[in-house]
Amino acid sequence: ASPVIEFGSRTWDEYLGERSRKLRRQIRQQERRLTREHGIEYRLTTDRETLPSDLDAFFALHQARWSNGSSSLLPRSRFLRDFAFDAFEQGWLRLWFLEVGNRPIAARYDLYFGGVHVAYNAGRDPEFAHYSPGLVLRAHTMRHAREEGASEYRFLRGAEEYKYRFTVRDPGLITTAAGRGLAGRALVAATAPLLRQPAARA
């Protein structure tokens, strides 16, 4: 599974108008409620000097969200930190924050490449969970992606239920492998059955 939004020529408001009334109401009401009760700011990392501290804030929020230890992202944090600097230099990184005062309460580590916004991972402050800050920030990143000309917003691999609130299109993912030489073909032949098992893929 790999759900994707294809914006086509639709504006953000036109796209949102096609979603369920419940989702539209939840996004708008929670954003208004946060603004009214706390005052909020959306912030995108645009300064390389703040990138280290912004990455610290992102991983802290992600860890707070997954305090039960089930996050698969945290073991890869060193790689993701290193990659963030390269992605920033290339103009690919979209490190977004939803802030109350100067306090980040939600964050997204996303990418933008070839006119496609790739929604990679997120974190949020459990103290503000009743405001749905993750949903509010996601909606903002979707709106911004459309405004900067994105043709697609990709949710990446996985059939989590929340993704299908935003889209019904799921082209899926297919992995193709071809071995070069006798040893390569033998390796592909031996590996293919294993990759059909979820545990082996992980």
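Colleague: Let's start with R43: buried, exposed or in between?

Modeller: The general idea is relative accessible area: buried means under 20%, exposed over 50%, and partly exposed in between (1.4 Å probe, protein chains only). Here R43 is partly exposed, with a relative accessible area of 27%. This is a predicted model, where local features need pLDDT of at least 70, side-chain atom pairs count only at pLDDT 80 or more, and totals for chains, interfaces and linings use all residues. Residues are numbered from 1 along each chain as its sequence is written, and side-chain values use heavy atoms, with hydrogens and water left out.

Colleague: Which residue forms a salt bridge with R43?

Modeller: A salt bridge needs a side-chain nitrogen of Lys or Arg within 4 Å of a carboxyl oxygen of Asp or Glu. For R43 the partner is D54, with the closest N and O atoms 3.0 Å apart. The pair links distant parts of the chain, 11 residues apart: D54 sits in helix 3 (residues 51–65) and R43 in strand 2 (residues 40–44). Helices (H or I, at least four residues) and strands (E, at least two) are DSSP runs, numbered from the N terminus.

Colleague: And is D54 buried or exposed?

Modeller: D54 counts as buried, at 5% relative accessibility.

Colleague: How many salt bridges are there by this rule?

Modeller: The count comes to 15. One of them joins the side chains of R10 and E18 at 2.3 Å, N to O, and E18 is partly exposed at 45%.

Colleague: Which residues are linked in a network of salt bridges?

Modeller: That would be R33, R36 and E37. Between E37 and R36, the closest N and O atoms are 3.9 Å apart. R36 is exposed at 60%, while E37 is partly exposed at 40%.
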